[in-house]
Amino acid sequence: MALSNYLFTSESVGEGHPDKVCDRISDTVVDIFLGAQPDARVACETLATTNKVVIAGEVRGAPSITNDQLEHATREAIKDIGYDQHGFSWRTANIEILLHSQSADIAVGVDAAGNKDEGAGDQGIMFGYACRETEALMPAPIFYSHGILSALAKARHSSPNSGLGPDAKSQVTLRYENGKPVCATSVVVSTQHDEGVDQDQIREIVRPHVLKTLPEGWMCEESQFYVNPTGRFVIGGPDGDCGLTGRKIIVDTYGGAAPHGGGAFSGKDPTKVDRSAAYAARYLAKNVVAAGLADRCTIQLSYAIGVSRPLSVYIDTHGTGKVDEARLSSVLQQLVDLSPRGIRQHLGLNKPIYARTAAYGHFGRTPDADGGFSWEKTDLVDSLKSALA
């Protein structure tokens, strides 16, 4: 039997966290290739350390894209995040680009040919999740963890004298009663700061952003509000800790409140089902909950490399469903083509919309007019209700 009264914790990391710097650069590369050629293929990994960035991977796309263009875009991404420090600067970082052509063995499995539809870019399992804990239909701990860091980043970008640096982490623990979140029992925020700003000052800089992010009355006791618990955080980002693409997959999804298939998102074009099918699973789960068909919904999809149709579609409404799960699965597959091509076409994924996903979560975001975060739309609600009436 599931617990109804418990504590649950999720963490987030800011755009200046070294791993997120790498995610941002990798997704910037994806956007450049998709912007030049919508059917481009990209599998890009980035490493960042003290004043050094290495970009490696496989691509297939417009030959007009040059390493100089990619280097310039990388510097602009680092500048936009806010790094112009002695140990890591957009101006002086050494950037090495080691991209080469996509494997012909992978391409032959993925490409459409004759009567063969496009296959999945890899094997794997992907999960989507939605629940009623927040208006965004996201688990509350990760939603508020993201919100705190997003608010701090806005304050930093809007004021050069904020005292804040780009690197930051947050962690929120919530108390659940009868299965619903009711308050925070602890909040942890670690943020890089300027030399000369002491711990008490940082605490008071951070406090209002936590208060405005959490629901009214949810703030934890003062003794459980931890800000820079080590006392000092001046050296940060890739200068303080090496970063790699794809190391924050739980931050990117549901904060541990739902399963993760194991594949990262950033740096991958949408033929890679690690990314596109995870987006599709979230899209379906969110529409199920938004339609009032369940209070919680987990969806798993599985694929084989080179095969167009999913091998399985699993739905669990955790005892909150209003309709039979097998019937729900059948209806969802009638409404949305879950082949890799079908997902990309339905959600409009062959666009340069990915750099913006690199920080503050891929889910629980507001859909953009240009097609960004299209998987957060709830445009299946009426069709679901009609089909299941």
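A residue counts as buried when its relative accessible area is under 20%. The legends below apply that cut-off to a predicted model.

**View 1. Overall fold of the predicted protein model.** The protein contains 11 helices and 13 strands. Its radius of gyration is 21 Å, close to the 21 Å that the globule rule gives for 389 residues, so the protein is as compact as a globular protein of that length. The C-alpha trace spans about 65 × 55 × 35 Å along the principal axes. Of the 389 residues, 56% count as buried. Among contacts with a separation of 6 or more, 73% are made by residues 24 or more positions apart. The accessible surface amounts to about 16,200 Å², and carbon and sulfur atoms contribute 50% of this area.

View 2. Ser-89 is part of strand E5, which comprises residues 88-89. The relative accessible area of Ser-89 is 3%; this value is under 20%, and Ser-89 is therefore buried. Leaving aside residues up to four places away in sequence, Ser-89 is in contact with Asn-51, Ile-78, Tyr-83 and Asp-84. Lys-52 is 37 residues from Ser-89 along the chain, and the C-alpha atoms of these two residues are separated by 9.2 Å.

**View 3. The open sheet of strands E1, E8, E9 and E10.** In this sheet, 4 strands are arranged in the order E1-E8-E9-E10, with mixed pairing. From one strand to the next, the twist averages 15°. Strand E1 runs antiparallel to strand E8 (residues 164-177), and 8 bridges join the two. Within this pair, Glu-11 has Gln-171 of E8 as its bridge partner.

**View 4. The open sheet of strands E7, E12 and E13.** Here 3 strands follow the order E7-E12-E13, and the pairing is antiparallel. Strand E7 (124-131) and strand E13 (312-316) are the edge strands, each pairing on one side only. Neighbouring strands of this sheet are turned against each other by 15° on average, direction ignored. Strand E7 is joined by 8 bridges to strand E12 (residues 296-303), and these two strands run antiparallel. Opposite Phe-127 stands Gln-300 in E12. Helix H8 packs on this sheet and touches both E7 and E12; the direction of H8 makes about 30° with that of E7.

**View 5. Helix H8 and the residue Gly-292 that comes after the helix.** Helix H8 consists of 18 residues (residues 273-290). At 1.5 Å a residue, H8 should span 26 Å, and the end C-alpha atoms are 24 Å apart, which agrees with that expectation. Of the 18 residues of H8, 17 are buried, so the helix is largely enclosed by the rest of the structure. Following H8 is Gly-292, which has a positive phi near 80°.

Definitions and conventions: Residues numbered from 1 in each chain as written. Predicted model: local features only at pLDDT ≥ 70, side-chain atom pairs only at ≥ 80, totals over all residues. Heavy atoms only, no water. Pairing = 2+ DSSP bridges. Axes fitted to C-alpha atoms, helices over the stretch in contact; angles between N-to-C directions. Rg over C-alpha atoms; globule rule 2.2 N^0.38 Å. Buried < 20%, exposed > 50% of the residue type's maximum accessible area, 1.4 Å probe, protein only. Contact = heavy atoms within 4.5 Å. Areas by Shrake-Rupley, 256 points an atom, 1.4 Å probe, with all protein chains shown as cover. Expected span 1.5 Å × (residues − 1).
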